[in-house]
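Student: I've got this model open and I'd like to go slowly for once. Pick one part, take a close look at it, and show me how the rest of the fold connects to it.

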Amino acid sequence: MKFVSIIMGSKSDYEVVNEAAKLLEKFGVKYELIISSAHRSPERTHEYVKAAEAKGAQVFIAAAGMAAHLAGAIAANTTKPVIGIPMGGSALNGIDALYSTVQMPSGMPVATVAIGKAGALNSAYLAMQILALQDSELATKLKDDRKDKQEALKADSAKVEVIL
C-alpha cells in the first residue's frame, strides 16, 4: 500500500498539520499521522520511519517548530522524499524552524515549504505531485484542482473588477 507519512513533533502542531491531512483525504490519498519528536523520542522516530517505509510510505511530511530537527532526523533514516513544514509559535515566529528545516547538509535533502498553515497545505500538494509521477488518476485530479482555482479567481475578479 502506498501512502504519505505525516509526523509532527508535538500535539500543539496538530491543528496546522491536520490541514495537510484533510487535503490528502479530499484527493483520496492514504496517509498515516503520528506525533514523534527528534529530541524527545528519537528511537520512536527512527523505528517509525523504518516501519512506515517497509509498509509503503512514499513521501514523509515532517512538521516541527523551534529547533525543528525532525525533518532532518527523518531524512537521515530514509531515501524517500521528505518535506519539512516549519512551525510558528516560537519567540522568532517560526524563522528559527525555517532555518533549521531548510539548512540541511549535502546529501540529506529536505524540501521545505512555508511556515505554518500555507506550508501544511503545500506539503500535501507537493507530496501528491510526487505521487502523481506514477499515478495518472491523481495527476488528473491535481490538474482539475488547478483549473478550479483559476475559475474561482476569475469569478472573484468578476465581482469586483473595474476595467476601462
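Tutor: Helices (H or I, at least four residues) and strands (E, at least two) are DSSP runs numbered from the N terminus, and a helix's expected span is 1.5 Å times one less than its number of residues. Let's take helix 5, residues 117-132. This is a predicted model: local features need pLDDT of at least 70, side-chain atom pairs count only at pLDDT 80 or more, and totals for chains, interfaces and linings use all residues. Residues are numbered from 1 along each chain as its sequence is written, and side-chain values use heavy atoms, without hydrogens or water.

With its 16 residues, helix 5 reaches 23 Å from first C-alpha to last, close to the expected 22 Å. Look at which of its residues are buried (under 20% relative accessible area with a 1.4 Å probe, protein chains only): Gly119, Ala120, Ser123, Ala124, Tyr125, Ala127, Met128, Leu131 and Ala132. The cover over them includes strand 1, helix 1, strand 3, strand 4 and helix 6.

Leu24 leads us to helix 1, where Val17, Asn18, Glu19, Ala20, Ala21, Leu23 and Leu24 are buried. Helix 5 is part of what covers them, and so are strand 1 (3-8), strand 2 (31-35) and strand 3 (57-65). Helix 1 runs over residues 14-26; its 13 residues reach 18 Å, close to the expected 18 Å. After helix 1 comes Gly28, with a positive phi near 75 degrees.

Pro86 lies in strand 4 and counts as buried because its relative accessibility is 0%. Beyond its neighbours within four places, Pro86 contacts Ala64, Gly94, Ala97, Leu98, Thr101, Thr112, Val113, Ala114, Ile115 and Gly116. Take Val113: 27 residues from Pro86 in sequence, but 7.3 Å away C-alpha to C-alpha. Over in strand 3 you'll find Ala57, also buried because its relative accessibility is 0%. Phe3, Ser5, Ala52 and Lys80 are in contact with Ala57, again leaving out neighbours within four places. Lys80 is 23 residues from Ala57 in sequence and 8.1 Å away, C-alpha to C-alpha.

One last stop: Asp13, in the loop between strand 1 and helix 1. Its side chain reaches the backbone nitrogen of Gly9 at 3.5 Å. Apart from residues up to four places away, Asp13 touches Met8, Ala63, Ala64 and Met87.

How values were computed. Buried < 20%, exposed > 50% of the residue type's maximum accessible area, 1.4 Å probe, protein only. Contact = heavy atoms within 4.5 Å. Polar contact = N/O pair within 3.5 Å; in protein donor to acceptor, adjacent residues only side chain to side chain.
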